[in-house]
Amino acid sequence: MSKYDDLFAETAPANSVFANKRALDPLADPAEIAARDSQERALATLINGVHDGYLPPTVSIYGPPGTGKTLTTRRICREFAARHDDVAVEYVNLKECRTLFSAANEILFALTGAKKGAYEGLDGVFTGIWTALEAYPEWTVLVLDEIDHVQHDTNYDPSDFFYRLLRGEGRLSRGIELSVWLISNELLEVDLRLDSRVESAMSDEQVFFPPYDSDALAAVLAPRLERAFRDGVLPADVRDYGVREAARRWGDARKALTLFRQAGETATDRGLETVTDACIDANLETTEREATIDKLLDLPENHFLVLTGVTGWSRGTEIKQPVTTAEIHEVVQDDALPADLRLGERAIRDVITDLETMGLVETWIDARGAEGRVKQIETTFDPRWVRDVIEPYVTESTYLATLETD
Ligand SMILES: Nc1ncnc2c1ncn2[C@@H]1O[C@H](COP(=O)(O)OP(=O)(O)OP(=O)(O)O)[C@@H](O)[C@H]1O
């Protein structure tokens, strides 16, 4: 027997609780969309506008992660286009686009299979987009996913990009019927601070995807849990407990699927016949940690820096929490930092407000201290996670990468 026969025999799943683990892969396209009837109806009504000769210039589809925005939007558009020859749908994910020029180029690529060189500029790319769309069916729905990743860059700001997309000369002169469906976590007008000429070119059509509650999450997960686990391995009370916790903490279908996959793996590792509440508990924190770390890695530099200030003080072997703005200020004044990253107290206060909106810190006023009323700030998660990601942040941060390419 070769070394590999032994290795594979040792690592083969023995007494696995799974019948088909792939059913829990969040990337797998589910046969049915559950618990999104009103959003499906709203999107179907909008796209049906072609029968009345009108599609809105923009539709904002927004809500927190893992709430089915991409799945539902793509499904409705695809099913409609399959039934109507005069409607085309193109889907573009902008997550990896670091500049507005590359975002426009990604759209052009989806339409033509080719990109333009940097010397053609944003206008050159848009000319290519309008030329391509002239040869398209009468109506085109362009779905732009993760549009909130598009940020100001050194050459353009998001308003320039949107203005060209919605009111560009090449589009108007060719009479192109284009409806841009924008998928994001926050409402774009707020998030990207679009200027008023762009806002007035956008329509008010909005479809909100709220976090899933327990019942909705149960409906989304039911067919997948059924296929994923062997018969009788996931008792109903454990399933309900996991669904309830996932709904209470995140309302996110992607994270809930991951939670059940990991809980099943824990049960198999522990040699259990059934998945238990303890298997769920063991993975709640891991899932939470992974989710928080993803968020931390995605933060703009100033925000991450302020968090290193919030977690930059020790008390014995523990990280001291809460801290004050003055204490954060002291940490971020470090001489080792480049001058433009050494934030003043007012800039720190603004970033703290943003971090609070993102749910990463909590603040309150303490009136008892010697200095009078002082704002206290602490993280909503284990502060050690910030220290854990300092190194990966420096290598993986999309924001630092943006700086490098500037
Ligand atoms: N209503 C649903 N019915 C069935 N599966 C769902 C549903 N909602 C979400 N899912 C599952 O969760 C995965 C993630 O959903 P989706 O990508 O649509 O979320 P999203 O809201 O676009 O998230 P993000 O903002 O992170 O991009 C889907 O691929 C699917 O497997």
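**The shell around the ligand.** Begin with the residues around the ligand: by class, this shell has 10 nonpolar, 5 polar and 3 charged residues. Ala, Val, Leu, Ile, Met, Phe, Trp, Tyr, Cys and Pro count as nonpolar, Asp, Glu, Lys and Arg as charged, and the others, Gly among them, as polar. The model is a predicted one, in which local features need pLDDT of at least 70 and side-chain atom pairs count only at pLDDT 80 or more, while totals for chains, interfaces and linings use all residues. Residues are numbered from 1 along each chain as its sequence is written.

Next, select Pro65, Gly68, Thr70, Leu71 and Ala253, which come nearest of the 18 residues around the ligand. A residue is counted as near a molecule or strand if its C-beta atom, placed from the backbone, lies within 6 Å of it.

Which helix gives the most to the shell around the ligand? It is α3, with 3 residues. Both α3 (69-83) and α12 (253-269) supply at least two residues each. Helices (H or I, at least four residues) and strands (E, at least two) are DSSP runs, numbered from the N terminus.

**The domains.** Colour the protein by its divisions: domain 1 (3-25 + 213-296), domain 2 (37-208) and domain 3 (298-405). These bounds come from an automatic or database domain assignment. The shell around the ligand draws at least three residues from each of domain 1 and domain 2.

Now display domain 1 with domain 3, whose centres, taken over C-alpha atoms, are separated by 34 Å. Their contact takes 6 residues from domain 1 and 9 residues from domain 3; two residues are in contact if their C-beta atoms, placed from the backbone, lie within 7 Å. The side of domain 1 that touches domain 3 has 2 nonpolar, 1 polar and 3 charged residues.

**The parallel sheet.** Select the open sheet of 5 strands, which pair in parallel in the order β2-β3-β4-β1-β5. Its edge strands, β2 (87-93) and β5 (206-208), each pair on one side only. Two strands pair if DSSP finds at least two bridges between them. On average, neighbouring strands of this sheet are turned by 15° against each other, direction ignored. Axes here are lines fitted to C-alpha atoms, for helices over the stretch in contact, and angles run from 0 to 180 degrees between N-to-C directions.

Zoom in on β2 and β3 (residues 139-145), which pair over 7 bridges in the parallel sense. The bridge partner of Ala88 in β3 is Thr140.

**A helix pair.** Move to α14 (residues 301-310) and α16 (residues 345-357), which pack at an angle of about 95° with axes 10 Å apart. The two helices are therefore roughly perpendicular to each other, a term for angles of 65 to 115 degrees. Show the side chains of Asn302, His303, Val306 and Leu307 from α14, and of Ile348, Val351, Ile352, Asp354 and Leu355 from α16, which make the contact.

**Two backbone details.** Finish at the peptide bond from Gln321 to Pro322, which is cis, with omega near -5°. Pro322 is in the loop between β7 (318-319) and α15 (325-332). Lastly, centre on Ala35, in the loop between α1 (3-11) and α2 (37-47). Ala35 has a positive phi of about 60°, although it is not a glycine.

Terms used: Parallel < 35°, antiparallel > 145°, perpendicular 65-115°, else oblique.
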